[in-house]
2 protein chains.
Amino acid sequence: MATTNHNYDKLGAGYLFPEIARRAKAYAEKHPGIVLHRLGIGDTTQPLAPSVVKALQDAAARLGKTETYTGYGDYEGELFLREAIRDLYRERNVELGLDEIFASDGAKSDSGNIHAIFDADNVIAVQDPAYPVYVDTNVMAGRTESYNTVTGQYVGIVYMPCNEYNGFFPELPTEKVDLIYLCSPNNPTGVVATHEQLKRFVEYACRHKAVIIYDAAYSAFINNPSLPRSIYEVPNAKECAIEINSFSKSAGFTGVRLGWSVVPKSLVAVDAPAGKLNALWYRRQSTCFNGASNVVQYAGAAALSPVGRRECQITIDYYMQNARIIREGLKSLGIVCHGGDNAPYIWAKTPNGLRSWEFFDQLLEQANVVTTPGSGFGPSGEGYIRLSAFGHRDATQQAIAGIKSNLKFG
Amino acid sequence: MATTNHNYDKLGAGYLFPEIARRAKAYAEKHPGIVLHRLGIGDTTQPLAPSVVKALQDAAARLGKTETYTGYGDYEGELFLREAIRDLYRERNVELGLDEIFASDGAKSDSGNIHAIFDADNVIAVQDPAYPVYVDTNVMAGRTESYNTVTGQYVGIVYMPCNEYNGFFPELPTEKVDLIYLCSPNNPTGVVATHEQLKRFVEYACRHKAVIIYDAAYSAFINNPSLPRSIYEVPNAKECAIEINSFSKSAGFTGVRLGWSVVPKSLVAVDAPAGKLNALWYRRQSTCFNGASNVVQYAGAAALSPVGRRECQITIDYYMQNARIIREGLKSLGIVCHGGDNAPYIWAKTPNGLRSWEFFDQLLEQANVVTTPGSGFGPSGEGYIRLSAFGHRDATQQAIAGIKSNLKFG
């Protein structure tokens, strides 16, 4: 008699983005003819780079010929792709072994699966607010008690508040924690951790044999050369940190799907000598996954080629101009904004002390703009909304113009 | 202080195929100049169908244009692909809702992840021999005790022997089991379950509220129209069975990556009303996965189009001709073979009572042919090897000729 995973019953609500889509759809159906401007989900809108399109097409052609057809590749990704990723880190003076790099179908999969190589009783610490995948997958794996609807927190998870008082980067945890999820540039706040801030966490993790899961999916949006793009730019991070990255936003692969994780061989946990966590992740991936799509891996390598980098940078700059338009537009209304200078997200404080979903509804109904309520990312997100710079320019401009014209304050 | 998932320490050996690759590589390095013939891993060798190549290229071109670019798709797959999959089932008079079909990056991922929606204390039953992913992922999830090196079994898993006495299809379990993994056409034995055989398991599962996880990844290789291609051809299977399928072998997508699962809304478990298991799988996928690659989904739909089906059938027929060559060749040496008529695998009994790895080594060393030792699929696989029909024709012929010429029988 099969029984279902009862940990799923603890989940507080549906995954955030389907819920936003549901509300937006319901509103649109009630108001036929209106045009919704979507600044909610971080979904890319600009086309793939020409060199990426060509790489996909060439790879398809090769798979169509007997002489050049290939089947299964390496579970951890094709060598040419891992070499390209290694070279990307070298630009930041980070040297990685090719067997420390694992290509995957995306950072979401890796963020969602990485917990599986750790024991069930590890205590998880997350930034609050945070990308919901970190929390939800640990709830589903049974690392928490139920959801407390009053606090908006799961019992058993250590929430590290990120707010205007600490510059949206957390203090070190005061209680015992084992796995620490950090994301920089941060989703949702758009704030980037400094070397100094990361250094404190690396020192903490090395001292306590905690492991940092560092999500760098937005690192390509960092303009400021003094900010770290990888946690491995911090001394000793290879002894305590796993890094996850993505082609989704840097090369428009949200639908194409490609990402990678770095699990250094020097990484140690309390019961794992150097090399073991790397071996466990290889075992997990080789058992539950058959590698990222080969055509997509060629496309990823093209995106990391010199020509591909230049082409992708044009699109990154385009999105960052959107970010400026959003930030300046909201600021002109007196709305306090964070992020948006080295990240494609703007973290806007709701006016008049509105709750996140209240301001979400107000923006939807008065300006027909879809945003993401900050409270969906955790209790410290309450009173904020996230706006995404990944739209078309004209839609972004219209959205901001609509907010300026139609939003009724207080 | 992070600790690692100690369940991984229970795993008996490395995942089977890396171990085979390691032995083959070591042999080749010791004997420079030899040519290895690979009849081991089920890796496709024939090119993608022309309509599939075109679909990949057209999809890439569309993603290269602002007007036709798309980002995130539905977590469960694009509608056009799910419609094409639904139509495939309709040919067998099976009617599925589009929200019962979940596209993924492959049957391996789904086979490896599906257990997650069930509670940790479910008892797993597997065919013995079986595709290692079913067992290994449940070991990693903590549903077993350690590996018993004498029996070759994990304590806590119910092994259902498949042997020449029961026609390689198991008896009903006599002990309590909750999740039953069945694979037909079977990997590794190449034997296909009949309606009558599946009916017995469906009746058992409905009676005990057990859930069958039915792996139909090789269903496209069934020639005999009276054999079921889907478990849903059996009455009431939608109340007790999840079905997993793949484009890997039917359309050569081993490297391209695409598969699907069906989780019927009428499926029930002991603590789950109809609809809940479907909702749990949606929750799992939408939280840990961002959909299969969009370019690949277009390719999959092309493979299921009338033209694509005809083109793919040519390749399927090609592999099945290989299967005949292997089977007839081995039979001419007096080796007893099963499978290979409605499946791309031949399950050959080792001569002279050799153990699987012994015969593997003999074939490697005497005939330079790489096979898969049956014992790698479970203890009842001992005394067998699996041969794959997925090679090039000339390589397959050379391998069989080499075996005929060079194999020294006891």
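This is a predicted model: local features need pLDDT of at least 70, side-chain atom pairs count only at pLDDT 80 or more; totals for chains, interfaces and linings use all residues.

Me: Let's start with the two chains. How many residues of chain A are in contact with chain B?
Reply: On the chain A side there are 72, and they are in contact with 72 residues of chain B.

Me: Which elements of chain A give two or more residues to that side?
Reply: Those are α2 (50-63), α4 (107-113), α5 (132-140), α7 (276-288) and α8 (294-303) of chain A.

Me: And how does that side divide into nonpolar, polar and charged?
Reply: The side of chain A that touches chain B has 33 nonpolar residues, 27 polar ones and 12 charged ones.

Me: OK, domains now. What does the assignment give for chain A?
Reply: Domain 1 is 10-48 + 308-406, and domain 2 is 52-305. The C-alpha centres of domain 1 and domain 2 of chain A are 25 Å apart.

Me: How many residues of these two domains are in contact?
Reply: In chain A, 35 residues of domain 1 are in contact with 43 residues of domain 2. On the domain 1 side, the elements giving two or more residues are α9 (306-332), β11 (337-339) and β12 (345-349) of chain A. The largest share of that side comes from α9(A), with 6 residues.

Me: What is the domain 1 side like by class?
Reply: The side of domain 1 of chain A that touches domain 2 has 14 nonpolar, 17 polar and 4 charged residues.

Me: Switching to the inside. Which residues have the most contacts within the largest nonpolar core?
Reply: A:Leu56, A:Ile212 and B:Leu56, in a core of 264 residues. Helix α8 (residues 294-304) of chain B gives the largest share of this core, 8 residues. As a general point, nonpolar side chains tend to be buried together in soluble globular proteins.

Me: What is A:Ile212 in contact with, leaving aside neighbours within four places in sequence?
Reply: A:Ile180, A:Leu182, A:Phe201, A:Ala205, A:Ile231, A:Cys240 and A:Ala241.

Me: And where is A:Leu11 found?
Reply: A:Leu11 sits in the segment before α1 (16-30) of chain A. Leaving aside neighbours within four places in sequence, A:Leu11 is in contact with A:Asp136, A:Val139 and A:Tyr147.

Me: Why does A:Leu11 count as partly exposed?
Reply: Because A:Leu11 has 19 C-beta neighbours inside 10 Å, and a residue needs 20 or more to be buried.

Me: Last topic, the sheet in chain B. What is the order of the strands?
Reply: The order is β11-β12-β15-β14 (chain B), an open sheet of 4 strands with antiparallel pairing. At the edges are β11 (337-339) and β14 (372-373) of chain B, each pairing on one side only.

Me: How many bridges join β11(B) to β12 of chain B?
Reply: There are 3, and the two strands run antiparallel. One bridge has B:His338 partnered with B:Trp347 in β12(B).

Note on methods: Residues are numbered from 1 along each chain as its sequence is written. Chains are lettered from A and ligands numbered from 1 in the order in which they are written. Two residues are in contact if their C-beta atoms, placed from the backbone, lie within 7 Å. Ala, Val, Leu, Ile, Met, Phe, Trp, Tyr, Cys and Pro count as nonpolar, Asp, Glu, Lys and Arg as charged, and the others, Gly among them, as polar. Domain bounds come from an automatic or database domain assignment. A nonpolar core is a set of buried Ala, Val, Leu, Ile, Met, Phe, Trp, Tyr and Cys residues joined through C-beta atoms within 7 Å. A residue is buried if 20 or more other C-beta atoms lie within 10 Å of its own, exposed if 12 or fewer, and partly exposed in between; C-beta atoms are placed from the backbone. Two strands pair if DSSP finds at least two bridges between them.
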